[in-house]
Amino acid sequence: MDTKPIKQYFGVSAIENYFGAINTCNDNGGVLASITNETENKEAISVCKVAANNWGCWFGLNYFTGIWNNVDGSDVRNSLGFDMNGDAVQGIYPWKHSEPNNFQKSEQCSHMWKHYNFRWNDQQWHREMSSLCMKNPPKSCGLII
């Protein structure tokens, strides 16, 4: 039985840079969203469509440490857009064609790009856009028998 909690995405239309988006999600009881499979991506797109400004929505995938990480700590290996080593598969869905490309070695953050049907793109942290967040799952309580 899969006991993995279902992610509850929500959008915040306030326009902020990547770090502001992290704080906004935290202030609203969540974290910047992780997207690990096609079902989650479809749900994330539907939420982002409502909240998005012209650039789209930040989500919790970043490359600050030289490897791809989700803000919530979830593993990217073998997840949507990544191979078994955790390397992004450039230009393959859900990434926009030729993305991620770390243009000028300055694009470490990810967003769903409104003008490209919400395909993923790497972007500089200071770009301002809406946020795609997810509620923190409730803590499970241990059953003592």
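**Strands, rings and salt bridges in a predicted model**

Phe-64 is partly exposed, with a relative accessible area of 37%. Here buried means under 20% relative accessible area, exposed means over 50%, and partly exposed lies in between (1.4 Å probe, protein chains only). The model is predicted, so local features need pLDDT of at least 70, side-chain atom pairs count only at pLDDT 80 or more, and totals for chains, interfaces and linings use all residues. Residues are numbered from 1 along each chain as its sequence is written, and side-chain values use heavy atoms, with hydrogens and water left out.

Phe-64 sits in the loop between strand E3 (56-62) and strand E4 (69-70). Strands (E, at least two residues) and helices (H or I, at least four) are DSSP runs, numbered from the N terminus. Phe-64 also belongs to a nonpolar surface patch, together with Phe-19 and Trp-125. The area of this patch is about 280 Å². Patches are made of residues with over 30% relative accessible area and no salt bridge; like charges are joined within 9 Å, and nonpolar side chains (Val, Leu, Ile, Met, Phe, Trp, Tyr) within 5 Å. Accessible areas come from the Shrake-Rupley method with a 1.4 Å probe, and for residues only the protein chains shown count as cover.

Strand E3 comes next. Of its 7 residues, 7 are buried, so E3 is largely enclosed by the rest of the structure. Two strands pair if DSSP finds at least two bridges between them. E3 pairs with strand E5 (residues 109-113) in the antiparallel sense, over 5 bridges. In this pairing, Asn-62 has Cys-109 of E5 as its bridge partner. E3 also pairs with strand E7 (residues 129-135), in the parallel sense and over 2 bridges. There, Cys-57 stands opposite Ser-130 of E7. A further pairing joins E3 and E4, antiparallel, over 2 bridges. Asn-62 has Asn-69 as its bridge partner in E4. E3 and E4 form a hairpin with 6 residues between them. In the turn, Gly-66 has a positive phi of about 90°.

Strand E5 has another partner. E5 and strand E6 pair in the antiparallel sense over 5 bridges. Met-112 stands opposite Trp-120 in E6. These two strands form a hairpin with 5 residues between them, and Asn-117 in the turn has a positive phi of about 55°. In E6 (residues 119-123), 4 of the 5 residues are buried, so this strand is largely enclosed by the rest of the structure.

Aromatic contacts were then searched for. A pair of aromatic rings is described by the distance of the centres and the angle of the planes. Rings of Phe, Tyr and Trp (its six-membered ring) pair if their centres lie within 6.5 Å; planes under 30 degrees apart count as stacked, over 60 as edge-to-face and the rest as tilted. The whole structure holds 13 aromatic pairs. One of them is the stacked pair of Phe-19 and Phe-64, with 5.5 Å centre to centre and 20° between the planes. Phe-19 lies in helix H1 (residues 18-27) and Phe-64 in the loop between E3 and E4, so the pair ties together parts that are 45 residues apart in sequence. Phe-19 is partly exposed, at 38% relative accessibility.

The rings of Trp-68 and Trp-95 have centres 5.4 Å apart and planes at 55°, so this pair is tilted. Trp-68 lies in the loop between E3 and E4, and Trp-95 in the loop between E4 and E5, so the pair ties together parts 27 residues apart in sequence. Both Trp-68 and Trp-95 are buried.

A charge sits over a ring if NZ of Lys or CZ of Arg is within 6 Å of the ring centre and within 35 degrees of the ring normal. Lys-96 lies over the face of Tyr-116, at 4.6 Å from the ring centre. Lys-135 lies over the face of Phe-10, at 4.8 Å from the ring centre.

The salt bridges come last. A salt bridge is a side-chain nitrogen of Lys or Arg within 4 Å of a carboxyl oxygen of Asp or Glu. The count is 2 salt bridges. Lys-7 forms one with Glu-40, the closest N and O atoms being 3.1 Å apart. This pair links distant parts of the chain: Lys-7 is in the segment before strand E1 (9-16), Glu-40 is in helix H2 (residues 38-51), and they are 33 residues apart. Glu-40 is buried, with a relative accessible area of 13%. Arg-77 and Asp-75 also form a salt bridge, at 2.6 Å from N to O. Asp-75 is partly exposed, at 41% relative accessibility.
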